[in-house]
Amino acid sequence: MHLVKTMKGKMLLAIIAGFFVTVIYFSLPILNIDATKEPKTFLTHSGAVIQTTGDVLDPVGYSGKPLEFDPEKYLREFSYGRISKLSDGTTLREFTIIAEDNKIMEISPGVFYNVWTFNGTVPGPTIRATEGDLIRVHFINNGQKPHTMHFHGIHKAEMDGVFESVGQGGGQFTYEFTAGPVGVHPYHCHVMPLEEHISRGLYGVYIVDPKEGRQPADEMVMVLNGFDTDFDTENNFYAANTIPFYYQHHPIQINTNELIRVYVVNILEFDQINNLHLHGNLFDYYPTGTYSIPSTYTDVITFSQGERGIMEFNYTYPGKYLFHAHKTEFAEKGWTGLFLVKESDTSQYGVK
Amino acid sequence: MEEIKKTSKAKLIASALIPIVMLGLMIAYIFGPGSNFLGLGVALPEITIEKIEFLDSKIIATVRNTGHIDVEVVQADVNDRIQPAGIEPDKFLNRFETAKVIIPFAWNESEPYEVGLTLNDGTRFSKSVIAAIQTPEPNFELVSYFAIIGTYVGVIPVLIGLLWFPFIAKMSKSKYKFFLALTAGLLMFLGIDAIQEGLEISTTSLSGAFNGQLLVATVVVISFLGLYYSSEKLISRTTSNLTKPVTIGLMIAIGIGLHNLGEGLAIGAAVGLGEIALSTFLIVGFAIHNTTEGLAIAAPMAKGKPLIGKLVMMGMIAGTPAIFGAWIGGFIYSPFAAVVFLSIGAGAIFQVVVSILNWIRQDEEKTFSTMSVVSGFSVGMLIMYLTSIFV
């Protein structure tokens with residue numbers, strides 16, 4: 001006992017007390033859970049119910065602000081360019097595409113990632129023309145690295161966007177070629193390291209319509225993509241049109257007995273294949289969209305990198321129908337969506 | 001006179017404070033407004049999942065921010081598949097702050113799982129569990145279950161080991177020295193074992209922010225010095241030669257007790273985290289291993305009067321911490337606490353080894369280089385090594 005009374009004893013006690021306080025501080029969780037707080041109940045995207053007094057981690061809600069990229073708008077938006085006629089009667093379609101590589105975008109709720117963009121979005125605008133049109137793309141590189149635009153299709157070697165890299169900080173190049181062949185094609189940056197330039201978001205869809213036109217339909221574009229946010233050459237997120245689970249929470253509204261045409265492009269990096277499965281229905285599939293006769297009537301199609309095609313179908317029965325990667329890992333990481341089929345006599349797209 | 005003393009004391013305090021004030025000013029200057037010359041490099045976020053619990057149709061992960069910057073947890077996954085989850089108190093974690101992530105998930109017993117958490121910059125951190133098992137909740141049944149395990153592993157083997165007391169008491173001096181050295185060898189092994197265990201937990205479960213290896217070194221040294229100081233105090237105050245062996249025996253018992261606390265922690269945690277199936281075989285292994293600890297307590301006291309009450313008490317001091325360890329490990333496991341307890345145990349044991357060696361040397365020969373001492377020490381370590389294979 002007398003030990004405690006001395007200065008030495010006090011010091012010893014102080015050391016021991018300090019030691020144990022430190023151990024307890026680092027050992028026990030520091031939780032400021034307010035026990036009086038009423039737990040809130042949430043219904044999550046998987047159908048699971050969560051009761052918590054804290055926050056909910058679920059890829060549904062975004063951080064208040066509207067999304068920088070709107071998959072709703074992208075789905076049915078086609079860019080036909082500034083149209084004029086050449087002296088020989090050919091239609092000229094001019095586009096201005098600006099590349100940037102410093103944008104930080106919320107690609108899943110709360111997840112911010114440096115995307116590289118054509119005209120500020122991933123994917124870039126859907127460029128659409130009719131076979132035989134002259135396409136002129138004024139390309140400006142406002143990024144901090146060299147970029148190009150490489151279109152799939154038929155064109156001269158110097159318009160291929162591979163060897164003529166466009167310098168950073170305002171470099172310019174004009175791509176000019178005749179639209180063709182008929183089909184759905186990707187375009188993307190072709191600067192090395194290629195995997196990085198593509199997986200960061202420098203890609204888009206290029207559609208060539210036949211001269212005689214297409215049968216009227218409710219048309220939409222789906223780019224199958226993903227993001228490797230931790231740079232381990234494996235995707236952390238998968239999606240149709242960039243935002244994981246987006247169409248699951250915002251179902252794509254379509255009408256019964258209306259022709260639906262989906263231009264699908266698989267641009268997914270890192271994974272060998274991707275696929276698409278449609279529920280409650282089958283579809284005609286036109287690989288690359290180059291022939292007018294479908295190659296198959298199915299409900300699952302498989303894509304390797306760069307593969308694409310056109311799906312055509314219509315729903316007889318109203319209701320909610322999933323579409324997702326039948327590679328279920330991708331589905332569980334965001335590549336899942338819904339069609340909400342409504343019974344309707346009048347079509348918003350005027351096609352019945 | 002008083003006046004002079006006061007000013008000199010003020011000067012002393014001032015001279016102690018000036019460097020601290022200067023340091024404060026420097027830090028204020030570096031971090032203060034308008035200073036940006038230290039904006040080099042990028043501070044990377046880091047979180048550590050410290051614990052994963054499996055309850056009815058849900059998985060609970062305890063996560064701590066162990067990096068240099070504040071982070072936001074934005075997504076949870078099980079086996080790398082995105083799962084909705086709740087996070088309490090909230091998803092914003094300051095440095096060293098912790099949160100509980102509650103994931104509704106229909107898990108299957110004894111299957112492996114990996115729980116991952118993704119931060120706002122897209123980096124993912126994960127922790128694996130070898131086999132999922134319902135996390136024990138502190139009820140009477142489990143408390144007594146752990147108590148029984150602790151008794152079998154700690155208390156009973158130590159008491160059995162003490163039964164060697166009459167055997168050691170009757171032997172010749174050189175043979176007795178052999179057994180004292182054997183005890184030192186046993187303890188040396190236990191000390192190294194505890195350090196190795198502590199380092200292992202440091203690498204597997206403790207965040208890099210805690211500098212696990214240095215934590216082990218620091219705590220071992222402090223524990224050694226602290227117990228060395230107090231045991232010297234204790235021994236210097238015991239005047240009679242009769243109580244001295246008792247004091248050494250007591251120090252050995254305390255050292256072994258701390259070691260068994262660590263062992264109990266390991267067992268409790270392993271059961272609680274589903275990392276091992278605690279088989280009867282394993283308990284037998286621990287029991288054989290720990291019987292030798294009773295011998296260690298008995299040896300220094302063997303030349304004194306047979307104080308049966310004191311012996312039993314020391315057996316309890318050495319053995320019962322296994323029970324407390326099992327409770328702590330099973331119900332509130334923390335890798336940090338485990339490393340600290342193991343290191344305290346190691347320091348305590350090395351202190352005891354020093355005490356025993358001093359005890360041996362106090363004889364007329366004043367040397368360690370006798371056959372009985374060298375062989376005793378070696379045999380002690382070998383016995384521990386061989387019995388450790390069963391664990």
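In helix 2 of chain B, the residues Val143(B), Phe146(B), Ala147(B), Ile149(B), Gly150(B), Thr151(B), Val153(B), Gly154(B) and Val155(B) meet Pro321(B), Ala322(B), Ile323(B), Gly325(B), Ala326(B), Trp327(B) and Gly330(B) of helix 9 of chain B. Two residues are in contact here if their C-beta atoms, placed from the backbone, lie within 7 Å. Sorted by class, this contact has 11 nonpolar, five polar and no charged residues. Nonpolar means Ala, Val, Leu, Ile, Met, Phe, Trp, Tyr, Cys and Pro; charged means Asp, Glu, Lys and Arg; the others, Gly among them, are polar.

A word on the ground rules: this is a predicted model, where local features need pLDDT of at least 70, side-chain atom pairs count only at pLDDT 80 or more, and totals for chains, interfaces and linings use all residues. Residues are numbered from 1 along each chain as its sequence is written, while chains are lettered from A and ligands numbered from 1 in the order in which they are written. Helices (H or I, at least four residues) and strands (E, at least two) are DSSP runs, numbered from the N terminus.

### Helix pairs in chain B

Here are two helix pairs side by side. Axes are lines fitted to C-alpha atoms, for helices over the stretch in contact, and angles run from 0 to 180 degrees between N-to-C directions.

| Helix pair | Axes | Angle |
|---|---|---|
| Helix 2 (residues 140-162) and helix 9 (residues 321-331) of chain B | within 7 Å | roughly 140° |
| Helix 4 (residues 173-204) and helix 11 (residues 371-388) of chain B | 6 Å apart | about 40° |

Helix 4 of chain B is therefore oblique to helix 11 of chain B. Helix 2 of chain B and helix 9 of chain B are oblique to each other too. The cut-offs: under 35 degrees is roughly parallel, over 145 roughly antiparallel, 65 to 115 roughly perpendicular, and the rest oblique.

What about handedness? Helix 4 and helix 11 of chain B make a right-handed crossing, and helix 2 of chain B also passes helix 9 of chain B in a right-handed crossing. Right-handed means that the near helix is turned clockwise from the far one by less than a right angle, left-handed that it is turned anticlockwise.

### Where the chains meet

The contact between the chains takes 35 residues from chain A and 33 residues from chain B. On the chain A side, helix 2 (7-27), strand 2 (49-52), strand 3 (55-57), strand 6 (111-118) and helix 6 (328-332) each supply at least two residues. That side divides into 16 nonpolar, 13 polar and six charged residues.

A sheet spans both chains: five strands form an open sheet in the order 3(A)-5(B)-7(B)-2(B)-1(B), with antiparallel pairing. Two strands pair if DSSP finds at least two bridges between them. The edges are strand 3 of chain A and strand 1 (47-55) of chain B, each pairing on one side only. From one strand to the next, the twist averages 25°.

Strand 3 of chain A is joined to strand 5 (residues 85-88) of chain B by three bridges, and Asp55(A) has Ile87(B) as its bridge partner. Within chain B, seven bridges link strand 2 (residues 58-65) and strand 7 (residues 98-104), with Ile59(B) opposite Ile103(B).

### Chain A overall

Chain A has six helices and 23 strands.
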